[in-house]
Amino acid sequence: MPSSPSFTKKSGPFRANGWQDRGASRSGSLKLRQVFIFLVVGLLILAVIVFKSDVSSVVSHRSSRHSQQNAGCINVEDTLRAKFFKPGEKYPGWTGGAKDVSEQALAGRKIGQDLLSLDEGNSLSRPKVLGFVGIQTGFGSSDRRKALRETWFPSDPEGLFRLEQATGLAFRFIIGKTADSQKMAELDEEIEKYNDFLLIDFEEEYLNLPKKTLAFFKAAYLLFDADFYVKADDDIYLRPDRLATLLAKDRSSPRTYLGCMKKGPVITDPKLKWYEPQGHMLGSEYFYHAYGPIYALSAEVVASLAIAKNDSFRFFINEDVTVGAWMLAMDVNHEDNRDLCDPKCSATSIAVWDIPKCSGLCKPAEKLRELHKIDKCFKSPTLPADE
């Protein structure tokens, strides 16, 4: 049997079966495959990079758009400051001894200031006040505003400034917008005459009152550095001096929900007033919450509302219930004060309205003028707040 051939460097090519040619062919094919795989992998990596870039762009766009939506209430105008102060000019904030707030509230205010910078048209500083009082009003309430300006609400800018310096409370009427051009024109005339509005970019509608209230708190927080933010209706008789005394009291908790508190049955009958469509979520009785005509939230509470996303809130049909639900979710101190819902003027009444007959004064324009003639309403001294 012949010996097996030996393959040495000196040996000639062995081509009996074409093995080396096939090997060379396979080697070339392998290199092509490697190049092909490298190109495919490179393309995949490039695709992933482009995809991530697109996703990041989309997320950034959505985030930006969402921020603009949630910051919709940043499109606000304080007509008093816009009329009498130039951009960047210092507004004469309250010079009283306002109490410091907690670090959490200050952190919230910093975020609020960042949000404020989104509004390029608003470069005015946030004046320090004891309280900012927003009088919620509507396009059909010009007679109420007229009566208020004839009674406890100052009727000119100088009067508003004097009241703010005396009490630490800044007052504005809070109103949104409407598609009715005639109503908007009438509002413009009223603004030109009085300049006592805070305008928010919000469509006015009674069923949207809970959302308008949230927009108010966000707008007020961004424009004013207050210890308290007060929501009030335009159909109550108010003593600003007594309200200031109440707000200036020392409190153990920086998170305060101050109002005339109540509880009561949930109205689930659509035929009845105060019907709540989501009553099944509330049970048979409402939780402890403040009547809607007037209540106050401390700075730290409003800071939390100001920086939260609008779509993270649950809204009920009734505004006082909605705000009460938010307060129930927060660790706030519910402070009940019956002087905020007095049915008649007294030596201690702060807000007078026809409880429980009406949610406010039953005939507000007429009743406001009547109350203002009563000494106990208008002229009685402000008593020191109870310690």
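Arg 149 has its place in helix 4, which covers residues 142-149, where helices are DSSP runs (H or I) of at least four residues, numbered from the N terminus. The model is predicted, so local features need pLDDT of at least 70 and side-chain atom pairs count only at pLDDT 80 or more, while totals for chains, interfaces and linings use all residues. Residues are numbered from 1 along each chain as its sequence is written, and side-chain values use heavy atoms, with hydrogens and water left out.

With a relative accessible area of 8%, Arg 149 is buried, a word that stands for under 20% relative accessible area, computed with a 1.4 Å probe on protein chains only. The side chain of Arg 149 makes a polar contact of 2.9 Å with the side chain of Glu 190, and another polar contact, of 2.8 Å, joins it to the side chain of Asp 196; such a contact is a pair of N or O atoms within 3.5 Å, of which, within protein, one must be able to donate a hydrogen and the other to accept it, and residues adjacent in sequence count only if both atoms are side-chain atoms.

Helix 4 also packs against helix 11 (residues 364-372), at an angle of about 5° and with the axes 8 Å apart. That angle makes helix 4 roughly parallel to helix 11, a description used for angles under 35 degrees. Among the residues that make the contact are Leu 148 of helix 4 and Leu 368 of helix 11, where contact means heavy atoms within 4.5 Å.

Elsewhere, Ser 346 is found in the loop between strand 9 (333-336) and strand 10 (351-352), strands being DSSP runs (E) of at least two residues. Ser 346 is buried, with a relative accessible area of 17%.

Methods: Buried < 20%, exposed > 50% of the residue type's maximum accessible area, 1.4 Å probe, protein only. Axes fitted to C-alpha atoms, helices over the stretch in contact; angles between N-to-C directions. Parallel < 35°, antiparallel > 145°, perpendicular 65-115°, else oblique.
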